[in-house]
Amino acid sequence: WAEIGHLDRASVGRSVLVRGTAQAAYCGSKTKKVAFLELRQGMSTVQCVLAGSAQMALFALSLPKESVVFVEGAVALLDKPLRYTTVQEVEIQVRKLYCVSRAKPKLPISVEDAGRSAEEFAMAEANGVQLPRVGQDTRLNHPAINLRTPAVQAIFRIKHQIEHKFREYLSSRDFIGIHTPKLISGSSEGGAAVFKLEYKNGKTACLAQSPQLHKQMAICGGLRRVFEVGHIFRAEDSNTHRHLCEFVGMDAEMEIMRHYFEVCDIVDGFFVELFRHLNENCRTALEAVNRQYPFEPLKYLENTLRLSYEEGIQMLKEAGTEVEPMGDLNTEAERKLGQLVREKYDTDFFILYRYPLAARPFYTMPCYENPAYSNSFDVFLRGEEIISGAQRIHEPELLAKRVAEHGIDKSSIKSYLESFSYGTPPHGGFGIGLERVVKLFCGLDDIRMASLFPRDPQRLSP
Ligand code: 4AD
C-alpha cells in the first residue's frame, strides 16, 4: 500500500498498490493505446501512466470521473507531466487497474469547476472565456463533492490544527478538558437568542448558547483551570457572513491571582504560538486555500497589542467615526478600528480591553476603580471579533445585584448563584468562535466555508 502524498524520488523503482479517486483521464496517443490517469487521495494527486495494454487504457478512459480505483504499478521518475499534480517528481506506471466504486456519469457539480484557482479564472477571463462558477448554496447542498476540492480539504485541515493546538496549549498549562451539558433548563448567555425544545415530563429545555455558567461552576467546585471545545447554539436571526446558528466554541475558565490580564496572557500566548504553527506547518494547506481564495498573510506581533476601549474609541473619533462611548462597537466600527490599528501598529490581531460595563453580560466583573467599565476584553482578527472574555463576579452579593439589574429571574439560575456561596476564588475566562478564527485566518468571505455542515436561519440540512 502506498499513500500518494508519501511518493517521492526515493520511491522510484518500488512496486505500489494505491487506492484513490480517478479525477481525470486523458488519451496519450491517437490509437488510444496509452492513457494517463490523475489519481487523488485527499489533497495529494499523482499522474499514472497506462501504457501496457490498450484494453486497460480504454477502460481508464471509460471510467466516470470521481470513481474510486485501485492501481498497481511501479513508481518511476515523472516523464511528461500533463497537468499540475501535487506529486511532481514521480509517476506510477500502471500494471493493473480495478474500479472499486463507480461514480455516476454526471455529477451535480464538477469537482474541477468547484476547485478552480483564482489564476485559472483570471487567465480564462483574459482570453474572453467564461468559466462556470459554483455558487455557495450549490456547494453546501453537495458536501460530498464540495469537500473534495483542494481549498475545502485544506480549510478543514487548518481547522483541525487550530482545535488540536488549543487543546495542547491549554493542557500543557494545567487546564483540564471538561464537557458541560448542551441541554439546559434556561438561557446561558444573556443577549443571545436561544433555541427551545420539548424535554421530558412537560419540561422545556434550551440548547446551550455557551458553557459559561457551567464552566464557572466547575471553577466554584475547585477544578481551577478548565477548557471545553464544544457545540454552541444561537437562535441568531442575523443572516450575515459571520453568524451561524450552531458553531464550535473553544472556551476556557481559570482562577486569577492578581489581574484579569492573566487571562489575556493565555489568549495571546496561545494565538502567537498558533499563528507560528500554522504558518510553519500548514504551508501546503494555506497555499491550497490561497490558490482558490487569495488572501494576504496575517500580520501579528510577538507581543500582542493591548489597547483600551477608550483608546480605541479615541482612534475612531480622530478618524471621523462617531461611536457611543459607553456602548458597544458595531460591525462597521470594529472593521474600521481593525484598519486603523493595522495602519498604526502593523498588526491584524489585537486585544481591546476595559469595555463599558453596560455592553457586557451580567456575570462580568466591574472595574474596581471605575464601575462604569468592566474587567473584560474582546479580541480582533482582521477587524472582526473572534473572542470575548472577562473576569467574572465571584462575590454572591454583587452577583445577585447584577442579576436583578439585568431583570433576570434568579430562580432560573438558582444552582449557579448558589455555587458562589461556598467560597469561590476570583476567576475569568474567554470564549473563542472556532469558525470565525478559521474564516479570518484564511481570509475567507463567509463563515459557512469554515463549517462542514453549516446551520444558519435558512439552512438545517444536509
Ligand atoms: O461573545 P460571545 O457571545 O461570548 C460568550 O459566549 C462568553 N460566554 C465567552 C466568555 O467566556 N466570555 O461568544 C464568544 C465568541 C465570539 O467572540 C465569536 O467568535 C463566537 O463566539 N460567536 C459566534 N460564532 C459564530 N456564529 C455566531 N452566531 C457566534 N456568536 C458568537
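Helix 7 (212–220), strand 11 (246–255), strand 15 (384–391) and strand 16 (427–433) each supply at least two residues of the shell around the ligand. Here helices (H or I, at least four residues) and strands (E, at least two) are DSSP runs, numbered from the N terminus. The structure is a predicted model, in which local features need pLDDT of at least 70 and side-chain atom pairs count only at pLDDT 80 or more, while totals for chains, interfaces and linings use all residues. Residues are numbered from 1 along each chain as its sequence is written, and side-chain values use heavy atoms, with hydrogens and water left out.

The predictor's confidence in each residue is given as pLDDT, from 0 to 100. The mean pLDDT of the chain is 96, and 99% of its residues reach 70 or more. The scores of the model are ipTM 0.99 and pTM 0.96. Where pLDDT is low, the predicted coordinates should not be read in detail.

The chain has 14 helices and 16 strands, and its C-alpha trace spans about 85 × 60 × 40 Å along the principal axes. Of the 462 residues in the chain, 51% are buried; buried means under 20% relative accessible area, exposed over 50%, and partly exposed in between (1.4 Å probe, protein chains only). The accessible surface of the chain comes to about 22,200 Å², and carbon and sulfur atoms hold 51% of it. Such areas come from the Shrake-Rupley method with a 1.4 Å probe; for residues, only the protein chains shown count as cover. Among contacts (heavy atoms within 4.5 Å) in the chain with a separation of 6 or more, 69% are between residues 24 or more positions apart.

We return to the ligand. It is surrounded by 24 residues, of which the closest are E189, Q212, E385, I386 and R392; a residue is near a molecule if one of its heavy atoms lies within 4 Å of it. Strand 15 gives the most to this shell, with 5 residues. Which atoms of I386 and R392 lie by oxygen atoms of the ligand? In I386 a polar backbone atom is 2.8 Å from a ligand oxygen, whereas in R392 an N or O atom of the side chain is 2.7 Å from a ligand oxygen. A backbone N or O atom of I387 also lies 3.3 Å from an oxygen atom of the ligand. A polar contact is a pair of N or O atoms within 3.5 Å; within protein, one must be able to donate a hydrogen and the other to accept it, and residues adjacent in sequence count only if both atoms are side-chain atoms. On its own the ligand has 630 Å² of accessible area, and the protein covers 91% of that.

Helix 12 (residues 396–405) has the buried residues L398, L399, R402 and V403. Why do these residues fall on the same side of helix 12? They do so because they cover an arc of only 140 degrees around the axis, the arc being that of the directions from the helix axis to the C-beta atoms. An α-helix has 3.6 residues a turn, so residues three or four places apart point the same way. The face turned away from the buried side of helix 12 carries the exposed residues E397 and A404. Helix 13 (414–418) is included in what covers the buried residues of helix 12.

Within helix 12, V403 has a relative accessible area of 2%. Leaving aside neighbours within four places in sequence, V403 is in contact with F362, I408, K410, I413 and L417. The C-alpha atoms of V403 and P361 are separated by 9.6 Å, although these residues are 42 apart along the chain. Helix 12 is followed by G407, whose phi is positive, near 65 degrees.

D174 is in the loop between helix 6 (150–171) and strand 6 (176–177), and N201 is in the loop between strand 8 (196–198) and strand 9 (204–207). D174 is exposed at 64% relative accessibility, and N201 is exposed at 75%.

Beyond its neighbours within four places in sequence, S308 is in contact with L352 and Y353.
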